[in-house]
Amino acid sequence: MEEKKGIIVLKDVKKYYLLGLTEVKAVDGISLTIRQGDFVAIMGPSGSGKSTAINLVGSLDVPTKGEIYLDGHNISHLSESDLAQIRGRKIGFIFQQFNLIRNLTAKENVMLPMIFQGTDELERQQKAEELLKIVELGHRMNHYPSELSGGEQQRVAIARALANDPEVILADEPTGNLDTKTGEKVMEFLNKFNNEGKTIVMVTHAPDLALKYADKIYWLKDGKIDKVTKKTNNQWKEVKE
Amino acid sequence: MKEYFVLASKNLKKRGIRSALTLLGIFVGIAAVVSLISLGNTLKATINSQFDNISPDIISVQAGGISGVGAPGTGVSNPLTESDAEAIERIGSVEFAVPRSIETIMAEFNDKVSFLSVGSLPDSYRIDDIYRQQSIEAASGRLLRANERGRIIIGANLASGKNNGFEKDLKVGDELLVKGQEFLVTGIIEKKGSFIVDNAVYMNERQLKDLNNLGEEVDVITVKAKSVELVEITKQEIEKLLRERRDVKIGEEDFEVSTSESILASVNQILMGVQIFIIIIASMSIVVGAIGIANTMTTSVLERRKEIGTMKAVGARNEDIFYQFFVEAGLLGFVGGLIGVLLGEGISYLGTFVLNQAIGISTKTNISWVLILGSLAGSFLIGAVSGIIPAMKAAKENPVEAIRG
């Protein structure tokens with residue numbers, strides 16, 4: 001099989017925090033390559049460094065040590081504003097708590113990432129409407145988050161993550177605040193976008209979701225990669241990263 | 001840039017009550033500044049217009065200075081006398097010097113009693129000079145002549161029952177009762193827009209003195225210089241003369257020689273002082289309002305950490321976040337300013353209306369576009385400046401920490 005392009009590459013990345021006087025090694029030397037079209041899950045117990053890892057992958061956070069490459073560019077030492085610009089264009093975020101801006105309607109929430117990329121207003125409107133129709137919320141475009149159900153809010157968040165047509169979608173516990181049925185629907189949308197070529201990186205507590213939708217799982221433990229498993233022909237096998 | 005304004009106004013609208021309370025702080029201050037400056041300007045224009053009725057070659061002389069209690073020249077320990085007036089008239093640059101008295105009398109009419117301010121008119125041919133220099137003309141009836149007794153003329157406002165205290169309009173031919181004597185209203189003076197003339201009663205000098213048992217003393221000496229150019233030198237001559245006659249040194253004068261120009265200047269100076277004082281007070285209220293905005297924005301930043309984190313996650317740069325909060329604070333200030341300006345102008349209209357009713361004149365509110373636009377721009381700026389520190393704080397939020405809320 002032809003080796004696909006590495007969109008996000010982490011090379012021996014470490015993230016240490018100072019918590020009072022003790023140094024917390026949240027991520028302690030992770031190396032991984034996420035390739036175009038992957039559906040990757042990051043799993044592990046609480047405190048294993050999953051969240052820190054996905055923040056680093058999403059360039060929300062900068063590493064204490066090590067290098068991070070996004071689409072071939074080293075982003076480990078970029079300024080916060082440059083990082084924001086690249087992040088806005090290349091990565092779409094989905095959060096456990098949806099994180100919609102409550103004073104903005106569904107449509108305005110979807111338009112928001114495009115504002116920061118300087119997209120003109122008409123295009124923003126069209127794109128937002130188009131995306132909301134894809135996630136089956138065409139009839140809820142002018143509703144505020146408080147008027148939407150959890151599942152609907154998360155679908156708005158998915159539409160927002162797709163606004164700038166990013167290569168990668170990062171989902172941090174996307175179904176964590178949803179019941180199983182609505183969670184399934186959200187996962188189906190992520191799966192659909194993955195099938196259309198988007199790279200998905202998901203942090204989850206739920207092994208069944210990871211096993212069902214992902215094709216590669218990084219199992220973290222104490223800030224390190226404990227093992228990597230890969231699905232080929234519906235069979236999970238441990239592989240070397 | 002437009003997006004910041006759209007987002008900011010949506011945010012402010014959604015935070016209705018808190019935005020409104022924050023606005024209160026700013027608009028009270030701005031309303032105070034706008035209304036007081038505007039009223040001050042109106043007052044100034046009104047007072048200045050009063051002086052238009054006095055010709056510039058007139059000098060008035062009073063004992064005791066203008067800050068005395070009561071009508072001009074009254075109640076002073078060393079009053080001016082008729083012989084002072086005669087001495088002043090002998091000064092070369094003086095055309096005439098007319099002694100005048102101002103008394104408050106109790107008059108009866110329509111079974112009602114009212115206190116009226118009465119000015120005297122000279123019992124000589126000078127009476128016509130006084131009419132001329134105060135532009136007094138009869139609207140009905142006729143003006144008084146020298147040496148008439150038992151007759152008065154009244155200012156336009158006093159003809160109306162609403163203003164004269166008798167609850168009945170006065171007409172030519174009506175009779176007022178003063179100290180048991182009847183006084184025939186001989187003429188009503190043409191309305192002049194002058195507070196003094198429109199509210200005055202005039203009576204002949206000797207008649208007034210007899211009525212109130214006044215002796216030699218006079219309240220005001222009205223002096224006319226031979227020309228406008230001679231006014232200043234005449235003023236100095238009179239001062240020199242009176243110092244000698246009253247035996248006082250320079251700087252210790254117990255009398256005041258004022259030209260219409262000098263009165264106007266001192267009135268304007270007082271008004272300016274009052275305005276500056278008021279603006280200082282109002283500025284404090286604006287400062288308090290600005291602190292209110294800073295406070296609201298700081299709280300807002302704390303409450304919206306998660307929102308800030310999310311915006312950063314979806315690509316907002318630090319400056320985007322900064323401008324978002326900066327514009328929001330500025331808008332708070334601007335809306336506060338807008339309400340303040342409207343309210344201030346409203347108060348100023350009301351104030352002018354009350355002023356007009358109270359003293360029977362008809363001035364218009366002075367609207368200054370510089371003041372209005374300045375206030376609006378100023379209040380946006382005040383808001384924005386108050387928002388700088390909270391906005392910087394918001395911009396510096398670490399996205400990872402902020403997103404957790």
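This is a predicted model: local features need pLDDT of at least 70, side-chain atom pairs count only at pLDDT 80 or more; totals for chains, interfaces and linings use all residues.
**View 1**
Chain A holds 7 helices and 11 strands. The C-alpha trace of chain A spans about 45 × 40 × 40 Å along its principal axes. Of the 241 residues in chain A, 46% are buried. Among contacts in chain A with a separation of 6 or more, 68% join residues 24 or more positions apart.

**View 2. Helices α2 and α3 of chain A face chain B.**
In this interface, 21 residues of chain A are in contact with 19 residues of chain B. Two elements of chain A, α2 (80–90) and α3 (106–116), each give two or more residues to the side that touches chain B. The largest share comes from α2(A), with 7 residues. By class, this side of chain A has 9 nonpolar, 7 polar and 5 charged residues.

**View 3. Helix α3 of chain A packs against helix α5 of chain A.**
Two packed helices are described by the angle between their axes and the distance between the axes. Here the axes of α3(A) and α5(A), residues 150–161, come within 8 Å and cross at roughly 30°. Angles under 35 degrees count as roughly parallel; α3(A) and α5(A) are therefore roughly parallel to each other. The crossing of α3(A) past α5(A) is right-handed. From α3(A), the residues that meet α5(A) are A:Ala106, A:Asn109, A:Val110, A:Leu112 and A:Pro113. Their partners in α5(A) are A:Val156, A:Ala159 and A:Arg160. By class, this helix contact has 6 nonpolar, 1 polar and 1 charged residues. Helix α3(A) also gives two or more residues to the side of chain A that touches chain B.

**View 4. Chain B is more spread out than a compact globule.**
Chain B has 13 helices and 13 strands. The radius of gyration of chain B is 31 Å, well over the 22 Å that the globule rule gives for 405 residues, so chain B is more spread out than a compact globule. Along its principal axes, the C-alpha trace of chain B spans about 100 × 50 × 30 Å. Buried residues account for 42% of the 405 residues in chain B. Of the contacts in chain B with a separation of 6 or more, 81% are between residues 24 or more positions apart.

Conventions. Residues are numbered from 1 along each chain as its sequence is written. Chains are lettered from A and ligands numbered from 1 in the order in which they are written. Helices (H or I, at least four residues) and strands (E, at least two) are DSSP runs, numbered from the N terminus. A residue is buried if 20 or more other C-beta atoms lie within 10 Å of its own, exposed if 12 or fewer, and partly exposed in between; C-beta atoms are placed from the backbone. Two residues are in contact if their C-beta atoms, placed from the backbone, lie within 7 Å. Ala, Val, Leu, Ile, Met, Phe, Trp, Tyr, Cys and Pro count as nonpolar, Asp, Glu, Lys and Arg as charged, and the others, Gly among them, as polar. Axes are lines fitted to C-alpha atoms, for helices over the stretch in contact, and angles run from 0 to 180 degrees between N-to-C directions. Angles under 35 degrees count as roughly parallel, over 145 as roughly antiparallel, 65 to 115 as roughly perpendicular and the rest as oblique. A crossing is left-handed if the near helix is turned anticlockwise from the far one by less than a right angle, and right-handed if clockwise. The radius of gyration is taken over C-alpha atoms; the globule rule is 2.2 Å times the number of residues to the power 0.38.
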